[in-house]
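Subject: Structure for your review

Dear colleague,

Please find below the structure that I am handing over to you.

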Amino acid sequence: MGYTLNFAAVWRSFDQLLGGLLLSLGLAFISILIGALIGLLVAFALTAKSGWARRPAGLYVTIIRNLPILVLVLFAYFALPQMGFRISKIQSFVAVLSIYSGAYLAEVFRAGLLSIPKGLSEAGLAIGLTPMQIRGSIVAPLMFRNVLPSLSSTVISLFKDTSLAAAIAVPELTFEARKINVESFRVIETWLVTSGLYVVTCVVLAALLRFVERRLAIPR
């Protein structure tokens, strides 16, 4: 084909890729924290006895889970300013990724809540704990242990989803790779190195999350 690999241009700009990678990790970390809070609140609403809490929560999960995340990203970036909401592109992306992850985590947490024996809540009431204390000190910790494998998969998926921020010029890893590609015309080399960074990061994240799973696993 006559194409000769030459990684020199990519190595010269490797610090840009690392900077983009760090931003991608930051976006994922902040979004998973906010998304976990949203998901937990929605999961409690989904498992509530009253319909006034279940119906709005179910509607939120249904709508968000059936919308492409790219559509949400573009809507937040282009449409919200037209509605008077002035936020930066990074803030808009974090908001979208948090809301998006919250819908998926709500289902993960709901399954975890349903796996907790009701007898534990009844025992908490018997010793004088309030419903909020039972949820915070008994139900939530056990639920998090039960859903750690699913939560780990969501974290890795969210990290990969940060690549969509390139669509609104957030300088994360994919955006920096596109810029290097345009400037150097080294298509294969740029995307090979970028792919390698994604793979290595995901493998490291998976290893760290498995370590946490083993440390927090409930003895059988």
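In which helix do lysine 179 and glutamate 176 both lie, and how many residues apart are they? They both lie in helix H8, which covers residues 173-184, and they are three residues apart, about one turn of the helix. Please note that this is a predicted model.

Overall architecture

The chain contains nine helices and zero strands. Along the sequence, the pattern accordingly reads α-α-α-α-α-α-α-α-α. Taken along the principal axes, the C-alpha atoms fill a box of roughly 75 × 50 × 25 Å. Of the 220 residues in the chain, 40% are buried. When contacts between residues at least 6 apart in sequence are considered, 78% of them join residues at least 24 apart. The chain has an accessible surface of about 12,600 Å², and 69% of that surface belongs to carbon and sulfur atoms.

In soluble globular proteins, nonpolar side chains tend to be buried together. In the present model, the largest nonpolar core has 43 residues, and Val42, Phe93 and Phe109 are those with the most contacts inside it. Two or more residues each are given to this core by helix H2 (14-46), helix H3 (51-65), helix H4 (69-79), helix H5 (89-114) and helix H7 (131-161). H5 provides the largest share, 11 residues. Apart from this core lies another, of 15 residues, which include Leu17, Leu21, Ala177 and Ala206.

Leaving aside neighbours within four places in sequence, valine 42 is in contact with Ala57, Tyr60, Val61 and Ala106.

Helix H9 comprises 30 residues, 187-216. At 1.5 Å a residue, this helix should span 44 Å, and the distance of 43 Å between its end C-alpha atoms agrees with that value. Among the buried residues of H9 are Glu189, Thr190, Val193, Thr194, Leu197 and Tyr198; Thr201, Cys202, Leu205 and Ala206 are buried as well.

Isoleucine 188 is also found in helix H9. Because its relative accessibility is 41%, isoleucine 188 counts as partly exposed. It belongs to a nonpolar patch on the surface, formed by Tyr3, Leu5, Val187, Ile188 and Leu192, which together have about 450 Å² of accessible area.

The salt bridges

Side chains of opposite charge can pair when their charged atoms come close. A search of the whole structure finds three salt bridges.

- Glutamate 107 pairs with arginine 110, with the closest N and O atoms 3.1 Å apart. These two residues are three apart in helix H5, so about one helical turn separates them. Glutamate 107 is partly exposed, with a relative accessible area of 24%, and arginine 110 is partly exposed at 28%.
- Lysine 179 pairs with glutamate 176, with the closest N and O atoms 3.4 Å apart. Lysine 179 counts as partly exposed at 32% relative accessibility, whereas glutamate 176 is buried, with a relative accessible area of 9%.
- Arginine 186 and glutamate 189 meet through their side chains, at 2.7 Å from N to O. Arginine 186 and glutamate 189 are both buried.

With kind regards

Definitions and conventions. Residues numbered from 1 in each chain as written. Predicted model: local features only at pLDDT ≥ 70, side-chain atom pairs only at ≥ 80, totals over all residues. Heavy atoms only, no water. Core = buried A, V, L, I, M, F, W, Y, C linked by side-chain atoms within 4.5 Å. Buried < 20%, exposed > 50% of the residue type's maximum accessible area, 1.4 Å probe, protein only. Helix = DSSP H or I, 4+ residues; strand = E, 2+ residues; numbered from the N terminus. Contact = heavy atoms within 4.5 Å. Expected span 1.5 Å × (residues − 1). Patch = residues over 30% accessible without salt bridge, like charges linked within 9 Å, V, L, I, M, F, W, Y side chains within 5 Å. Areas by Shrake-Rupley, 256 points an atom, 1.4 Å probe, with all protein chains shown as cover. Salt bridge = Lys/Arg side-chain N within 4 Å of Asp/Glu carboxyl O.
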